[in-house]
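Visitor: I would like to learn how to read a few features in a model. Please take them one at a time.
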Amino acid sequence: MEGHRAYRGLRVPDDAPFELKPSPGRGWGVFATRRIGPGATILKEEPLFVIRKPTPLIREQDIKQAVLQLPAGKRQQFLLLRDNASGTFASMQDAFAENSFDLASPDESGRVTRLPAQGLLLLLSRFNYSCVPNAKIPSFTGDALVAAIVAIRDIAAGEEITFCYSFDMQFRTRRERHEALRFVCECRGCLPGNLFRELSDARRRLYRGLTYLVNGRDALARGRQGPVSSIITDPQFVYHILIDFLREEEGLLDDLDEPRPRGLSRAVYLLAGAFQTVDNVAIAAQAMAQDTWWKRLDLVLKLYGRADAADGTVAEAMRM
Ligand SMILES: [Zn+2]
């Protein structure tokens with residue numbers, strides 16, 4: 001199905017640098033009609049209506065009431081909303097959830113608060129998601145209860161304009177992002193067959209780990225639950241790998257010094273040493289067989305922290 005026609009009726013501001021049209025595989029999307037520079041506001045939009053409640057407390061009745069109070073033309077626009085497969089929503093609540101955003105609202109003295117205010121935004125909701133977006137939705141636009149989307153890099157005419165739903169997506173690997181999303185993203189960080197994607201997981205694992213070291217808090221840890229990835233609880237391991245990486249790149253890693261088991265290259269030996277268990281020589285060898293350091297790092301970060309037979313011995317040794 002080519003996508004429903006409802007959004008043809010949506011009013012786009014005359015000076016808008018974009019158009020709405022079907023986006024292959026994901027309903028409708030928003031495409032630049034001219035070059036948009038970084039920092040440029042692409043759209044400022046006032047909500048069709050606002051529900052002043054925290055999201056989990058919003059009920060079907062709240063939406064119905066708000067929709068009934070709308071002038072007929074605006075009510076019609078709400079009723080024309082469709083899901084990504086161009087189907088009608090099962091409930092008004094579903095339609096609202098898929099087309100609303102958290103809005104900043106000021107208190108009596110004009111200070112911005114985070115009082116709950118969910119606004120239904122017809123145009124802003126047409127922008128699709130990307131893990132590697134070219135635009136973002138700022139948390140405050142300067143105007144109360146007005147949302148906006150701003151370019152974060154140069155966007156070429158014809159390019160689809162995308163944003164990332166939540167900041168913590170930055171710290172997730174491709175698999176972790178897809179567990180959180182309810183669809184398959186096809187951005188360059190997700191589509192197979194390109195170098196960007198191959199190295200993306202390693203970059204994001206390292207980014208999450210280093211952010212943990214800087215902030216003392218795991219970006220993805222919830223509530224009382226501790227850090228979930230062992231890579232971020234063991235900075236020594238990351239340092240080890242980076243040191244060897246730097247030495248090899250700088251030509252300082254020779255294959256001569258230090259006695260080591262026969263048949264092991266110096267690099268494999270050092271990497272296995274970082275794991276601290278003999279069993280991990282196999283992992284180190286597998287990693288070092290990769291042709292770039294990023295790929296080695298990616299493999300090591302994937303495997304590090306998995307339980308293996310040597311773990312008990314190491315834990316025992318560390319207690320002594
Ligand atoms: Zn993606």
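Guide: Begin with Glu19, which has a relative accessible area of 35% and is therefore partly exposed. Buried means under 20%, exposed over 50%, and partly exposed in between, using a 1.4 Å probe and protein chains only. The model is predicted, so local features need pLDDT of at least 70 and side-chain atom pairs pLDDT 80 or more, while totals for chains, interfaces and linings use all residues. Residues are numbered from 1 along each chain as its sequence is written, and side-chain values use heavy atoms, without hydrogens and water.

Visitor: With which residue does Glu19 form a salt bridge?
Guide: A salt bridge is a side-chain nitrogen of Lys or Arg within 4 Å of a carboxyl oxygen of Asp or Glu. Glu19 pairs with Lys21, with 3.8 Å between the closest N and O atoms. Lys21 is partly exposed at 33%. By this rule there are seven salt bridges.

Visitor: How far apart in sequence are the parts tied together by Asp154 and Arg35?
Guide: The closest N and O atoms of the Asp154 and Arg35 salt bridge are 2.8 Å apart. Asp154 is in the loop between β11 (147–151) and β12 (162–163), and Arg35 in the loop between β2 (28–32) and β3 (41–45), so the pair ties together parts 119 residues apart in sequence. Strands here are DSSP runs of E, at least two residues, and helices runs of H or I, at least four, numbered from the N terminus. Arg35 is exposed at 55%, and Asp154 partly exposed at 39%.

Visitor: Which residues are the protein donors of the zinc ion?
Guide: Donors are N, O and S atoms within 2.8 Å of the metal (3.2 Å for Na, K and Ca); water is not among the atoms, so sites may look incomplete. Here the SG atoms of Cys131, Cys185, Cys187 and Cys190 lie 2.3 to 2.4 Å from the zinc ion. Their sequence spacing is C-x53-C-x1-C-x2-C. Cys185 and Cys187 are both buried.

Visitor: What arrangement do the four donor atoms make?
Guide: Four donors count as tetrahedral if all angles lie between 85 and 135 degrees. The angles around the zinc ion are 99 to 117°, so the arrangement is tetrahedral.

Visitor: Where does helix α5 bend?
Guide: A bend is the angle between axes fitted to the seven residues ending at a residue and the seven starting there. In α5 (residues 195–215), the bend is about 30° at Asp201. Asp201 is one of the buried residues of this helix. Gly216 follows α5, with a positive phi near 70°.

Key. Expected span 1.5 Å × (residues − 1). Tetrahedral: all angles 85-135°; square planar, octahedral: opposite > 155°, others 65-115°.
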